[in-house]
Amino acid sequence: MHARPYEMLPEVGDRIADIPTPRPIIDEDVMAANIARVQAYMDGHGLAFRPHIKTHKLPSIAKAQVAAGARGINCQKVTEAEVFADAGFDDILITYNIHGARKLDRLAALNDRLASLKVVADSRETVEGLSRRFAGEKPLVVLVECDTGAGRCGVQTPADVLELARLIAGLPGLIFGGLANYPKPGAASAVQAFLTESIALLQQAGIACPIVSNAGTPSLFDAHLVPAATEHRAGTYVFNDRGMLKAGHCTEADCAMHVLATVVARPAPGRAVIDAGAKTLTPDLFGFQDFGLVVGHPQAVIKGLSEEHGVLDISACNDTFPGIGEMVRIIPNHTCVVTNMFDTMVFHRNGVVTRVEDIAARGLVW
């Protein structure tokens, strides 16, 4: 039973060419190959792999990842973790600073349920807030988040790592679990140096560091260049997208997610309009100058999005671009944000619908 029964959902056995658009679709075989390829890489380098579920937000896909060999999952928010705990996952890392009484109460309830729950923190304020809530209860495992160059969250130096680790280890209700980071792409040597120095300082202080969690799909196939890490986290690889194409980590044939759209207008020479706008492709440029790659028509440029319209410059396509009423497939710049725009995901094999699933953690961003 789908959450929105009035939605125009395709059924198993329908042809992809006949389903209502706009809609993201997932190729079952390509997705399975992506899961197997990355797990084989991690296994070959002796790294534990912890996939990030924010890309797909679906327990069924996470179960396929764990069945392939992944050890636990990575969630970004407490509510996401609750969905996956309800689905039977019992080893979850939440990579976000958590604040607020209601969130901490939910986190404590989650900690009581799971065999292994871990969170990250990068400040005294965050750590002390966790301690106040967890003192006298089942202890919470906390990793120090490190900024190894991405310029987002994280302590800034190995000395800061030691200071925060000491605080975590000394406060009631908390257990120091190790380190976590999200690096910028291509920075493996800097990440290794930061982590190595941090681990050495912890060892000198007599503080064990059982987990060193490195991350990033853009850094995915550099994971072996950070031997200090005990595990790697990545999400986008399961579908792949235009960002992964640009990074050289996949080919078009490895992109499991396509966004189906219909040409609804050809109002002027060199211009086409599709029914996939900002509510479908999202305005996230992800480092590009346009909003997606049109499969089979690489010279078409999705130059603008309004809420329900995508405007394409097709002047370089001559007369080869599809006409009004015809369908195009788009490789999105960033799959993760597209997933969160829809209530359901359609899967197919050889162009025939195999299943339609509610996106269980869709919209859970707190």
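Mentor: Residues are numbered from 1 along each chain as its sequence is written. This is a predicted model, where local features need pLDDT of at least 70, side-chain atom pairs count only at pLDDT 80 or more, totals for chains, interfaces and linings use all residues, and side-chain values use heavy atoms, with hydrogens and water left out.

Trainee: Why is Pro 59 called buried?

Mentor: Buried means under 20% relative accessible area, exposed means over 50%, and partly exposed lies in between, with a 1.4 Å probe and protein chains only. Pro 59 has 13% relative accessibility, so Pro 59 counts as buried.

Trainee: Where is Pro 59 found?

Mentor: Pro 59 is in helix H2 (residues 59-68). Helices are DSSP runs of H or I with at least four residues, strands are runs of E with at least two, and both are numbered from the N terminus. The C-alpha atoms of Pro 59 and Ala 360 are separated by 7.4 Å. Along the chain these two are 301 residues apart.

Trainee: What makes strand S6 (residues 140-146) largely enclosed by the rest of the structure?

Mentor: Seven of its seven residues are buried, so S6 is largely enclosed. Both faces are covered. Leu 140, Val 142, Val 144 and Cys 146 are buried on one side. Val 141, Leu 143 and Glu 145 are buried on the other.

Trainee: Why do the residues of a strand split into two sets like that?

Mentor: In a regular strand the side chains alternate between the two faces of the sheet.

Trainee: How do you know that strand S5 (residues 116-121) pairs with S6?

Mentor: Two strands pair if DSSP finds at least two bridges between them. Four bridges join S5 to S6, and the strands run parallel. Val 120 stands opposite Leu 143 in S6. Seven bridges join S6 to strand S7 (residues 174-181), also parallel. There, Glu 145 has Ala 180 of S7 as its bridge partner.

Trainee: What makes the crossover from S6 to S7 right-handed?

Mentor: Point the strands away from the viewer; the crossover is right-handed if the path from the first strand over the helix to the second runs clockwise. The chain goes from S6 through helix H6 (residues 158-170) to S7, and this β-α-β crossover is right-handed. S5, helix H5 (residues 124-134) and S6 also make a right-handed β-α-β unit.

Trainee: Which strands are the edge strands of the eight-stranded open sheet?

Mentor: The order is S2-S9-S8-S7-S6-S5-S4-S3, with parallel pairing. Strand S2 (48-51) and strand S3 (73-75) are the edges: each pairs on one side only. Strand S8 (residues 211-215) is joined to strand S9 (residues 231-234) by three bridges. Among the partners, Ser 213 meets Glu 231 in S9.

Trainee: What tells the two faces of strand S14 (residues 310-313) apart?

Mentor: Gly 310 and Leu 312 form a covered face, while Val 311 and Asp 313 form an uncovered one. Strand S11 (residues 271-274) runs antiparallel to S14, with four bridges. Val 273 stands opposite Val 311. Strand S13 (residues 301-305) also joins S14 antiparallel, through four bridges. Ile 302 stands opposite Leu 312. A hairpin of four residues links S13 to S14.

Trainee: What makes a space a cavity and not a pocket?

Mentor: On a 1 Å grid over the protein atoms alone, a cavity is a set of points where a 1.4 Å probe fits but cannot get out. A pocket is an open set with protein on both sides within 12 Å along at least five of seven lines. Lining residues have an atom within 4 Å of a point. By this rule there are three cavities of 30 Å³ or more.

Trainee: What is the volume of the largest cavity, and of the largest pocket?

Mentor: A volume is the space filled by probe spheres set on the points, which are joined across faces, edges and corners. The largest cavity has about 50 Å³. Its lining includes Pro 183, Asn 214 and His 232. The largest pocket has about 620 Å³. Of the 34 residues that line this pocket, the closest to its centre are Lys 54, Arg 152, Tyr 182, Pro 218 and His 334. Helix H8 (242-247) gives the most to this lining, with four residues.
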